[in-house]
Amino acid sequence: APLVLVLALLTCSLPACYAGMRPALDVVGFDRLRRINVIASTAEVVRAIESTRVLLLEKSSVVVRGNCEAVEFIPMPGVAAEELAEAAFLASLADETPEGRSVVALAERQFGLVPGGVADARFVAWSALTKVSGVDVPGRQIRKGDADAVRAFVRDRSSVDLPDEVRAAVQRVAGAGDVAAVIADGARVLGVVRMKYTMRERIAALRKRGALTVVSSADAPAAAAALAAEAGVDDFLAEATPEAKLALIRRHQAEGRRVAMVGDGNHDGPAMAQADVSVALNAGPLAAREAGSLIDLDGDATKLIGIVEVGDRVRALRRALGAWCLASDLALSLAIVPLVISGTCPEVSALNPLGLQGPASAVLAGLVVHAVALVAVVPLGLRGLVGLRAGLAFVAAAALTFAAVKLLDVGFSSLLGAPA
């Protein structure tokens, strides 16, 4: 065969699609982290996330209060759901906790609400001391918070207790294992927002995948154990010091586990530098940000769990994309190589199941498919193979490659004239 044909054949035989999978997955990892407002420093840390098996969480990452997600607006009789949602939305604009942001997101999602008309407003930020957040606008004082805190707010303005319907709604929510936030507009109680503590479910899902969660707390062992039991984490580190965190990380690493942690203190630098994956909060101290391999722009201590969930999804995508690339490269070689070498080795001349027209048109078709497959790896990782099982990806890639080679071979053979 001519030298050009041999070189083209070698090009088609190279597993370029499979070789391009790793940088493609790095791009996917960076993109998935960007979507949750996390910046990664290197591709190595993106890959390390996939194999993380120990999560060292801060106390603020797992406490129930402040880590809930709004899932339902429950209006009182005579109150429209949109009116309740608007009041909850305004009262949550100054609440920077995950649950406050989730109330805003739920109101935007269900009713399309956007911040507006609050130029003269005085916001009241949520705090653990007052247990309320809210806003004062001309003629209105809106508050969102615990039932007891809102009850005190209402009684200060009307000397009237919470309506029976409100107390019943709070009890129903609590009975289901959720948290209730009561919304009041002055002395008028509008309803309740149901908050679901999703952290326990997410931790349980990580446990099923083989991950171990450890909560770090400065509290005494009894209080730390109670916190771990409430949140559903696997272990706890009580009376945690920087040295204790560092020793814990090294112990797990010595046992062959990759460790991820979130650091929000001035003294977390050594432990963060030792961890395989370390998340620094954007508003945290400079020492933590310099030691962190990831920076969370939202300053959310719970984000570490979301980051590891991203790693799990990228790992699943790696299997599907690996199967796709392997099938594409194998199918291309099986379709073209026997036909091209049949001139010097007649024994393989019968191995042409696609009925390709000739070596020249087949190699041209292979080169085009080869180039397209290599370019398509990143788009496939970003969009095309999400949720696709590896076996199905393998079969789909092989079938698509065979079909593309056959169609292009027919086209090229007509352009080239008579079959080679």
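Start with helices H6 and H7, whose crossing is left-handed (left-handed is said of a near helix turned anticlockwise from the far one by less than a right angle, right-handed if clockwise). The model is predicted: local features need pLDDT of at least 70 and side-chain atom pairs count only at pLDDT 80 or more, while totals for chains, interfaces and linings use all residues. Residues are numbered from 1 along each chain as its sequence is written, and side-chain values use heavy atoms, with hydrogens and water left out.

**The pair H6 and H7**

Select residues 81–92 for H6 and residues 98–111 for H7. Helices (H or I, at least four residues) and strands (E, at least two) are DSSP runs, numbered from the N terminus. The two helices pack at an angle of about 145 degrees, and their axes are 9 Å apart. Axes here are lines fitted to C-alpha atoms, for helices over the stretch in contact, and angles run from 0 to 180 degrees between N-to-C directions.

Now show the side chains where the helices meet. From H6 come Ala81, Glu82, Ala85, Ala88, Phe89 and Ser92; from H7 come Gly100, Val103, Val104, Ala107, Glu108 and Phe111. Contact means heavy atoms within 4.5 Å. By class, this contact has eight nonpolar, two polar and two charged residues. Ala, Val, Leu, Ile, Met, Phe, Trp, Tyr, Cys and Pro count as nonpolar, Asp, Glu, Lys and Arg as charged, and the others, Gly among them, as polar.

Next select Glu96, in the loop between H6 and H7. Glu96 counts as exposed because its relative accessibility is 57% (buried is under 20% relative accessible area, exposed over 50%, and partly exposed in between, with a 1.4 Å probe and protein chains only). Its C-alpha atom is 9.7 Å from that of Ser127, 31 residues away along the chain.

**The largest pocket**

Which residues are the closest to the centre of the largest pocket? The space in this pocket is about 530 Å³; to find its centre, select Pro98, Arg202, Asp300, Thr302 and Lys303, the closest of the 17 lining residues. On a 1 Å grid over the protein atoms alone, a pocket is an open set of points with protein on both sides within 12 Å along at least five of seven lines, whereas a cavity is a set where a 1.4 Å probe fits but cannot get out; lining residues have an atom within 4 Å of a point. Grid points are joined across faces, edges and corners, and the volume is the space filled by probe spheres set on the points.

Colour H7, helix H10 (199–208) and helix H15 (303–341), the elements that give two or more residues to the lining. H7 gives the most, with three residues. The lining has four nonpolar, six polar and seven charged residues.

**Two loops with positive phi**

Move to Lys131, in the loop between strand E4 (122–124) and strand E5 (132–137). Phi of Lys131 is near 60 degrees, a positive value in a residue other than glycine. Lys131 is partly exposed, because its relative accessible area is 39%.

Then pick Glu239, in the loop between strand E10 (235–237) and helix H12 (242–254). Glu239 is a residue other than glycine with a positive phi, near 50 degrees.

Select Arg157 in helix H8 (residues 147–158). Is Arg157 buried or partly exposed? It counts as partly exposed, because its relative accessibility is 37%. Leaving out residues up to four places away in sequence, Arg157 touches Gln141, Gly186 and Ala187. Arg157 and Arg188 are 31 residues apart in sequence and 9.5 Å apart in space, C-alpha to C-alpha.

Go on to Val369 in helix H16 (residues 359–375). Val369 counts as buried, because its relative accessibility is 10%. Not counting residues up to four places away in sequence, it touches Leu332, Thr401, Ala404, Val405 and Leu408. The C-alpha atoms of Val369 and Leu408, 39 residues apart along the chain, are separated by 8.6 Å.

Last, select Gly391 in helix H18 (residues 390–416). At 48% relative accessibility, Gly391 counts as partly exposed. Its C-alpha atom lies 7.1 Å from that of Ala323, 68 residues away along the chain.

**Zooming out**

Show the protein chain, with its 18 helices and 13 strands. Of its 420 residues, 48% count as buried. Among contacts with a separation of 6 or more, 65% come from residues 24 or more positions apart.
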